[in-house]
Amino acid sequence: MKDFIGVGSSPKRKEDLRFVTGKGQYVADIKRPNMLMGAFLRSPHAHAEITSVDIAEALRMPGVRAIYTGEDMRADEVGGLPVGWAITDRNGEPCKEPLHPAIAVDKVRYVGDAVAFVVAESLEQAEAAAELIEVDYKVLPHVTGLVEALQADAPQIFDDVPGNLCADWEMGDNTAVDAAFENAAHVTSIELVNQRLVGNPMEPRAAIGEYEPERGQYTLWTTSQFPHVVRLLMGEFVLGIPQHRLRVVAPDVGGGFGVKQFHYAEEAVVTWAASKLGGAVKWVAQRSEGFISDAHGRDHVTQAELATDAEGAFLGMRVKTYANMGAYLSTFGPNIPTNLYAPLLSGVYRIPAIYCEVKCAFTNTVPVDAYRGAGRPEATFVVERLVDTAALELGIDKIEIRKRNMIPADAYPYQTPMVVEYDSGDPMACLGRAEELADVAGFAARKAESEAKGLYRGMGVSTYVEACGLAPSRLAIQMGARSGLYESATVRVHPSGAVTILIGTHNHGQGHETTFAQIVSERLGVPFENIDIVCGDTDKVQHGLGTYGSRSLVVGGSALNKAADKVILKGRKIAAHQFEADLEDVLFENGEFSIAGTDKKKSFNEIAGAAYLPYDFPLETLEPGLEEQAYYDPVNFTYPGGAHICEVEINPDTGIVTLDRYTAVDDVGTIINPMIVEGQLQGGIVQGVGQALFEHCVYDDASGQLLSGSFMDYCMPRADNIPHLVIEPLSTSCAHTPLGVKGCGECGTIGSPAAVINGVVDALRHIGVRHVDMPASPNRIWNIIRKTRTRVAAE
Amino acid sequence: MKISFTLNEKAVSVDADPATLLADLLRENLNMTGTHVGCDTSQCGACVVHLNGESVKSCTLLAASVDGQEVKTVEGLAKSKDELHPMQTAFRDNHGLQCGFCTPGMLMASIDLVNKNPEPTEGEVRDWLEGNICRCTGYQNIVKSVLAGAAAMRDGN
Ligand code: FES
Ligand code: FES
């Protein structure tokens, strides 16, 4: 029996003690000596020329130390915010990448664009002074809708981006798709909107910049999912700070969901201001400021068609999507609706030919970038709405049509027509198990019960597959990434045998301190409590690409596993020396080094001690110490997937949709910590339910103002909106990651929106409804029901 | 102005601007950063503390109004790191938190619920926590934690 806490168990999380006692340390909690406070003045207009900025009166206010404008940063040769992953359009041209200044120069392009930064002794002083800055704007016509932005008469947002078109992109074989449609017995067409969302991690963004002139040292504390990448992007491209002089720290971070995986203007501004003032400058976003400055997510308009034969076999798919980039490109902006979207359009189905074109448009809105799932929920929504609609039109049961077209388990690895090759999976088994768990057989009876109460009940099914574990560098760079996407880990064994892991991913809720310790405990036999994790500090951790795209365990965990391999090898070398034996004869098992066939053995702790007391090591071949570092670059993406089934009940008098039952069967590969995986799935599902039923980021087209700018207007899912979720894993091991893991952070968010909307449409099917856009809010549903009733009455 | 009150069973006296909110007084003047601020519209509940034993949103309360009263924050729940409040233990045991940002508010709100209703149902827990947003957990394990915490509080653990 194992006496350590390894893979497959659910120990209490190491991180929780500090959080339940209020001892977490988030950026907003940090104070530095003589720290100054900063506040931004932001544009009230969607599109305007800045004709003058008068800071004279504001500067005279008590406590004010400095006021900076975009002009000041330009004069200091501060660079624009760089794009980390660009794309190439259908003609092989790079996408348009207009200059993105940290503080607006000459022109503001969205409500919330920064215009000036005030630094004062207190926040109240900074905010009061910001109100006294006089900005003269020449207001220009604006456009917030992405389809409108691409029309010929739309206002031009950048002089050097004709028609506001960032890129016209394509993937797939158009000719093959045309042929498939010509031979089709049936074509299903849909139009849908994947609405704009605000990620809203509960901790608002914050940043503290500090400069020590005597040492020439910069430090940035920031609410980031990837501190090393911020160091690279901000240091190299924006501020020109040599990497070794810039320390970026992301301490405890209160949720990310993608929102904190970009290099933001505020990070550069506080660091630059600190360098000007020679001290520390802090900025903490208010929630309402977050709404107009955190990158938003989704915002697609799509037309899609599915060609089938008479029996419902899929022959081809054609997708045309418009994607909103916002007013500037955020760090990964153009990559999300293209490279992370189109390759997933095959879903878990055999579709011989697929073609997708995407037009990325600039608009006068907050920049749009990755939000949990990032491209893959959008793709799944298209596929699963198409499949459901096709089933309805062809009169085939919705589960049956899915099964008819699914990739069978024995067809893996499966090459899709859209670049990616799925290494492993068993969608049929996931759907079959979900059917049982969801008691699909009992649906008719539950529907009758609802009807007796005057309620409409519907059942929604969705399957999904995603590509995560970002990313195989070779593929990523072909797709436009400007860096490889490997990960690094160090296993530092102390003389006592205790271990410190230094890893380049970042923990902001995912339980890495626990899961990674379990991996090392399993591999090295070191007690779980003797293993600590360090992440989020570029001065401590060698290097890293951070946490996003469900990559931490897949890529970081694999690097960690590789570093553990190296530690074992080094330990065997030390043991061989001590036993005066050949390396090949030294075994390492259950935390012990031994010689096969003898009773010679040494514990891991003994070898760790020996590594640091090397009085007789042959130094040419065996160095002291027991610390190993590894970099891991995945050979493929990983492809978690699954099947979700839900039931909704709609009250036709109020339009309120109640999510009554939810079942998810997910294949996330090998599971290290079942408790944490289930938690990730629960949280993900609820975020997807949020998109399906509640959340909607709305701009007023006429004024260009963000209407949903607070939790009063932007409806977040709350505890009383959600039923008890039934979640069961069904794992097939990933064929290419050493631990068999696939990643699980985004699964729920990818599978759930389509399941819920399919359920809503099913509930309204009997009154002739064929599609409902998200969110299925009471207002929207009530109007749909009322209109249908009026129509029926008139007929 | 001077504001004097009992904070986590100790008398404190702070000089603060009369417009200071309780959340800011705790965080900025007293360096008690366990109480979090997640919004500016009284919607998220990250800032919940107890005032005379009842949960209140400290972001919406003027610090001056707690003069002479009793305030308890998340820092005041555990006797020591080995002697947590049963609700804290329940959140740890049931994976009732991920990033931990909503947790202080969730704990304070939940303890108030159980003080008022020692045996809440799942539905009652969900309704009570309607004013506390968590973006990470999907609430399921929070609800599970509160039910377990309630049971432990009833048993006097
Ligand atoms: S900080 Fe959000 S309710 Fe108090
Ligand atoms: S645990 Fe992150 S917001 Fe609740």
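**Figure 1. Salt bridges between chain A and chain B.** In this predicted model, 4 salt bridges cross the interface of chain A and chain B, a salt bridge being a side-chain nitrogen of Lys or Arg within 4 Å of a carboxyl oxygen of Asp or Glu. One of them joins A:Asp29 to B:Arg27, with 2.8 Å between the closest N and O atoms. Residues are numbered from 1 along each chain as its sequence is written, and chains are lettered from A in the order in which they are written. Local features need pLDDT of at least 70, side-chain atom pairs count only at pLDDT 80 or more, and totals for chains, interfaces and linings use all residues, while side-chain values use heavy atoms, without hydrogens and water.

**Figure 2. Extent of the interface of chain A and chain B.** Chain A gives 52 residues to the contact and chain B gives 45 residues (contact: heavy atoms within 4.5 Å). The two chains bury about 4200 Å² between them, 54% of it from carbon and sulfur atoms; buried area is the accessible area (1.4 Å probe) that two parts lose on being put together, summed over both. Of the area that chain A buries against chain B, 17% is supplied by A:Val20, A:Met202 and A:Arg718, more than by any other three residues.

**Figure 3. Domain 2 and domain 3 of chain A.** Domain 2 covers 297–470 + 636–794 and domain 3 covers 486–632, with bounds from an automatic or database domain assignment. Their centres, taken over C-alpha atoms, are 41 Å apart. Domain 2 contributes 20 residues to the contact and domain 3 contributes 18 residues. The count of salt bridges between these domains is 0.
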